[in-house]
Amino acid sequence: MKMTNFAMMLAAVGVLAACGRTSKVTEIDPRTEPKVYFAFDSYVITEEARANLLGQALYLRNNPATNIRIAGNCDERGTYEYNLALGWRRAEAAKRVIVDDGVEANRVSTISFGKERPAVLGTGEAVWKWNRNAHTTVRP
């Protein structure tokens, strides 16, 4: 009888441990790893970008006097207007991850620079992939 109760208890502990398993979020100072990247013509947050943004959110929760601005950027393809709108969507998508993780929305502002501030100059996918980003800067 006692062995059966012990076995059931171990099984319950195993189930609870499996349910409670989460990945560990590492705090990321936005000044050291400020950019997350996007696929062409997309504002979908990748898992790698999500991990970075959750790390930034943890930093912000641990530093309540810190505010940030997220700037959405695009590569050189597309019209000025299209890229301005896409950059805004990228910045807002990044902000949404941070705010959904518990940071007050008024501490995170967004702006779009479209294709006007490329991180890397040149043409071709090897360059463009670095220009499709949301860039976080710490604000006073």
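The model is predicted, so local features need pLDDT of at least 70 and side-chain atom pairs count only at pLDDT 80 or more, while totals for chains, interfaces and linings use all residues. Residues are numbered from 1 along each chain as its sequence is written, and side-chain values use heavy atoms, with hydrogens and water left out.

Now the sheet. β2, residues 67-73, pairs with β3 in the parallel sense over six bridges. Pairing here requires at least two DSSP bridges between two strands; helices (H or I, at least four residues) and strands (E, at least two) are DSSP runs, numbered from the N terminus. The sheet is open, has four strands in the order β1-β4-β2-β3, and its pairing is mixed. β1 (35-37) and β3 (108-114) are the edge strands, each pairing on one side only.

On to the helices. α2, residues 47-62, lies across β1, β2 and β4 (133-139), at about 155 degrees to β1. α3, residues 80-100, lies across β2, β3 and β4, at about 155 degrees to β3. Axes are lines fitted to C-alpha atoms, for helices over the stretch in contact, and angles run from 0 to 180 degrees between N-to-C directions. Contact means heavy atoms within 4.5 Å.

How do α2 and α3 meet, and at what angle do they cross? Their axes come within 8 Å and cross at roughly 50 degrees. That makes α2 oblique to α3, given that under 35 degrees is roughly parallel, over 145 roughly antiparallel, 65 to 115 roughly perpendicular and the rest oblique. The contact involves R50, L53, L54, Q56, A57 and L60 of α2 with A94, V97 and I98 of α3.
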